[in-house]
Amino acid sequence: MSIAADVMQVQKPEFSLAAHGRTLPAERTGWLTPTDPAIGVDAIRRRYQDDGYVWLKSLLPKAGVIDFRRWVFEHLAETGLVESGSDFSLGIASAGGFDKSLADRRLMSLVRSAAYEGFCAQPPLARFMDDFLQGISYLHKRKLMRFIQPGSPTATPAHYDLVYLRGGTSRLVTAWIPIGDIPTEMGGLVYLEGSHALGVKMEAEFRAMSGDLSPEERISAYNSHMAEGGWVSKDLPDMAERFDTRWLAADYEAGDVVLHSPYMIHASTINQDRSRRLRLSTDIRYQNVDDEIDVRWNNHWSLGDML
Ligand SMILES: O=C(O)CCC(=O)C(=O)O
């Protein structure tokens, strides 16, 4: 689909975006604006600053992304997660149950693998991030990869990322990378339109009232001033109403990369894919190497690491 055609896409009538038992009303839902990387890095940076995100179409070679998807599901197959005998690059979920504890252990191995390291450090992305950050880009070691089963209630509540990374610079950039196509019905990220300004305000309010906290607590997402363990809210329709704005969704394709500001509020919706595809994505964080680094992120992701 061309980028111009993407802009024209309309709400698919057969399903509604949903999360945490609530459906997003059409009038509170919109679409992300796609960006062609060919507009150049200065224009991309301007869009990122204006909108709090930039959805870069086909930044990465699609074949490499699909190949990595295949590799991940091959290594999760033993857990019963993927339909046996299917093409692993499709990532079709098995109809029966799977061994969640084994899958969690495998996932922790996969995020420590050379293959994943290579995927995240692939030259088109690394070079782009150097240009984007106007210096040498630093990729945080703690990197997350997530799979979401079709029909599962799992959805990421609304939050902004700085809450988890308050121990260094605020000049951070998150790259959210779909590993395979993630059309809206598969529950990709949704962004609260214009919310990077809200995140800045919330952060200033938090700083103003955090004088009673110890330095460790002040940078922890789980301090006593944070509602619901650092989440802003699980009620996405209520947030859109409260701030009189919309949640922006997209039909992401393999090869796309979305960059978002650490103040931009985002969430995910549930995976409702009728063809039972697993949603697979990674979210990784960059900054300029010369800015202060939050040392708590100098280790690989571990489940329950409270970061
Ligand atoms: O993929 C998800 O569900 C959440 C990702 C996220 O919160 C992020 O990229 O910052």
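## Helix α2 and R45

R45 lies in helix α2 of this predicted model. With a relative accessible area of 12%, R45 is buried, because burial is set at under 20%. The side chain of R45 makes a polar contact of 3.1 Å with the side chain of D42. Apart from neighbours within four places in sequence, R45 is in contact with D131, F132 and Q134.

Helix α2 spans residues 41-51, and its buried residues include A43, I44, R45 and Y48. An α-helix has 3.6 residues a turn, so residues three or four places apart point the same way. The cover over the buried residues of α2 includes strands β4 (34-35), β5, β8 (173-178) and β11, together with helix α6 (123-133). Just after α2, G52 has a positive phi of about 85 degrees.

## Aromatic pairs

Nine aromatic pairs are found in a search of the whole structure. In one of them, the ring centres of W55 and Y252 are 5.7 Å apart and the ring planes stand at 70 degrees; planes over 60 degrees apart count as edge-to-face, so this pair is edge-to-face. W55 belongs to strand β5 (residues 53-56), while Y252 is in the loop between β10 (247-249) and β11 (257-260). The two residues are 197 residues apart, and their pairing links distant parts of the chain. Both W55 and Y252 are buried.

The pair of F68 and Y116 has ring centres 6.2 Å apart and planes at 15 degrees, which is under the 30 degrees limit, so it is stacked. F68 lies in helix α3 (residues 62-76) and Y116 in helix α5 (residues 114-120), so the pair ties together parts 48 residues apart in sequence. F68 counts as buried because its relative accessibility is 6%, and Y116 counts as buried because its value is 0%. One aromatic cluster is formed by F68, W71, Y116 and F119.

## Arginines over rings

Two arginines are placed over aromatic rings. R142 lies over the face of W297, 4.5 Å from the ring centre. R166 has its charged end over the ring of F206, at 3.8 Å from the centre of that ring.

## I219 and its contacts

R166 is also one of the residues touched by I219. Not counting residues up to four places away in sequence, I219 touches V163, R166, G167 and R296. I219 lies in helix α8 (residues 215-219). The relative accessible area of I219 is 26%, so this residue is partly exposed. Between I219 and N288 there are 20 Å in space, C-alpha to C-alpha, and the two are 69 residues apart in sequence.

## The ligand site

There are 14 residues around the ligand, of which T156, W176, H266, R279 and R285 come nearest.

Technical notes:
Residues numbered from 1 in each chain as written. Predicted model: local features only at pLDDT ≥ 70, side-chain atom pairs only at ≥ 80, totals over all residues. Heavy atoms only, no water. Phe/Tyr/Trp six-rings, centres within 6.5 Å; stacked < 30°, edge-to-face > 60°. Helix = DSSP H or I, 4+ residues; strand = E, 2+ residues; numbered from the N terminus. Buried < 20%, exposed > 50% of the residue type's maximum accessible area, 1.4 Å probe, protein only. Lys NZ or Arg CZ within 6 Å of the ring centre and 35° of its normal. Contact = heavy atoms within 4.5 Å. Near = heavy atom within 4 Å. Polar contact = N/O pair within 3.5 Å; in protein donor to acceptor, adjacent residues only side chain to side chain.
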